[in-house]
Amino acid sequence: MEEVSKLPLPEAFLDFLQANGLDASIYIASDTPRYIRLKPGSEGDLREIEAEINCNLERVAWLPGFFSLPPHLQIANSKAYKEGKIYGIDAASGAAVLALNISGGDNVLDLCAAPGAKLCMIADLLGDSGSVTGVDIARHRLAACRTMLQKYALGDRCRLFVADGTTFSLGPVRKFSHSRSCESACKEDTFTEWTSRRPWKERKKARKARKPAASALIAESDSPELIFYGRDSGVLGTSKSELYQIVCRSEVLSRGYDKVLVDAECTHDGSIRHIQKYEHWGWETLHQRVLNAERTDNLTNLQIKLLTNGFKLLRLGGLLVYSTCSLTVSQNEDVVERFLKENASAELQEIDAAKDWPCKSGRIPKTLRFDPVTSQTSGLFVAKFTKLAI
């Protein structure tokens, strides 16, 4: 406890940790390493990368393609980073993606895609088949995802939608019959190859759509906004009516997403680096974002809605991973229990790969918890579900 008393943390936050059964000493684990993922195909450049950053990269034995770095080593100015051969992603986040068991041909939904590292890893794992759909409600954050995909040349099979993850209802791109006549096809507004330069009329229409609706009618801005699509994402040559066709419940069982990741918005209290930022942001901001009871209640309601909607879009027999970088029970086990109670077709799954992972079991069997002391990673909760026929 002597070490804890030296922490630059306010009493209210220490009380918050104690109330949630969390060990405050994790916030002195400043030697927790940083992690990078080496882009597949760049293995031959490993020695050159090490020479440039003047550091031996240590392989993470339990997570393929991951390497650990000293916590204060900067890679942003390195040639390897600028050329997209490496990107930063915490090992616990990588484990959450690995838990999805992604294989070639899968249609994957990342329902809270920003800031984009997990999206890049999903695209990595898909390789030359399948698709990934990234959704986020914050346009500027999703635009950062787009930048990452382009930087690392991982966007060919990806499409990005600015949308509310609690109501997003578009399924994977369907393969439509080519029996339509040329005349009917030509009448429809089909997607050509994506470009960052849009016609003036389209930009004007998009700006208008983002303005608040002036009437009680459903605003155009309530619809998902497609801000990026790769050439092999299934969008090219598709009409807008086809792309924006809402998937109904009977269809989703057979034609929904194979895998869904719901890395939900949370209080981020499991991230040491995030909490340490409050020293600069001001501890009052910590009260507003983490300790405020009304905010945390709103967050748990958001989390259950995101999880429920992600599961709704999952095909029969598909897999969904729910994760947060909070270590509180209310945002993790409590959400899982409530979700299972409200969804009879949902079943928790064992995460087979976890037998080799440096993590603890959650308070519910088959759920996992990473923390800085046990795992040498950022804090993360992970639960995996499948959809059963009922």
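Which residues is C325 in contact with, leaving aside its neighbours within four places in sequence? They are C266, H268, D269, G270, S271, G379 and L380, where contact means heavy atoms within 4.5 Å. The model is predicted: local features need pLDDT of at least 70, side-chain atom pairs count only at pLDDT 80 or more, and totals for chains, interfaces and linings use all residues. Residues are numbered from 1 along each chain as its sequence is written, and side-chain values use heavy atoms, with hydrogens and water left out.

**Overall make-up**

- The protein has 17 helices and 14 strands; these are DSSP runs numbered from the N terminus, with helices being H or I of at least four residues and strands being E of at least two.
- Of its 390 residues, 53% count as buried; buried means under 20% relative accessible area, exposed over 50%, and partly exposed in between, with a 1.4 Å probe and protein chains only.
- Among contacts between residues at least 6 apart in sequence, 75% join residues at least 24 apart.

**Annotated positions**

- UniProt, in an unreviewed entry, places the feature "active site" at C325; UniProt positions are given in the numbering used here, feature names are shortened, and annotations may be inferred rather than shown by experiment.
- C325 is found in the loop between β10 (314-324) and α16, and is buried, with a relative accessible area of 16%.
- The feature "binding site", also from an unreviewed UniProt entry, is placed at D136, D164 and D263.
- These three positions span 128 residues in sequence, yet no two of their C-alpha atoms are more than 14.0 Å apart, so they gather at one spot.
- D136 has its place in strand β6 (residues 131-136) and is buried, with a relative accessible area of 9%.
- Beyond its neighbours within four places in sequence, D136 is in contact with C112, A113, A114, R141, L142, F161, V162 and A163.

**Helix pair α15 and α16**

- Two packed helices are described by the angle between their axes and the distance between the axes.
- The axes of α15 (residues 293-312) and α16 (residues 333-342) come within 10 Å and cross at roughly 45°; axes are lines fitted to C-alpha atoms, for helices over the stretch in contact, and angles run from 0 to 180 degrees between N-to-C directions.
- α15 and α16 are therefore oblique to each other; angles under 35 degrees count as roughly parallel, over 145 as roughly antiparallel, 65 to 115 as roughly perpendicular and the rest as oblique.
- α15 passes α16 in a right-handed crossing; a crossing is right-handed if the near helix is turned clockwise from the far one by less than a right angle, and left-handed if anticlockwise.
- On the α15 side, T300, N301, Q303, I304, L307, T308 and F311 meet V335, R338, F339 and E342 of α16.
- By class, this contact of α15 with α16 has five nonpolar, four polar and two charged residues; Ala, Val, Leu, Ile, Met, Phe, Trp, Tyr, Cys and Pro count as nonpolar, Asp, Glu, Lys and Arg as charged, and the others, Gly among them, as polar.

**Helix pair α5 and α6**

- The axes of α5 (residues 91-98) and α6 (residues 117-126) come within 10 Å, crossing at roughly 45°.
- That makes α5 oblique to α6, and α5 passes α6 in a right-handed crossing.
- S93, G94, V97 and L98 in α5 meet K118, M121, I122 and L125 in α6.
- The residues of the contact of α5 with α6 divide into five nonpolar, two polar and one charged.

**Backbone features in loops**

- A cis peptide bond joins A114 and P115, with omega about 10°.
- P115 is found in the loop between β5 (107-110) and α6.
- N54 has a phi near 55°, a positive value in a residue other than glycine.
- N54 is found in the loop between α3 (46-53) and β2 (58-59) and is exposed, with a relative accessible area of 70%.
- A153 has a phi near 55°, again a positive value in a residue other than glycine.
- A153 is found in the loop between α7 (139-151) and β7 (158-162), and counts as exposed at 57% relative accessibility.

**K151**

- K151 lies in helix α7 and is partly exposed, with a relative accessible area of 30%.
- The C-alpha atoms of K151 and E83 are separated by 7.4 Å, the two residues being 68 residues apart along the chain.
- Not counting residues up to four places away in sequence, K151 touches Y81, K82, E83 and G84.
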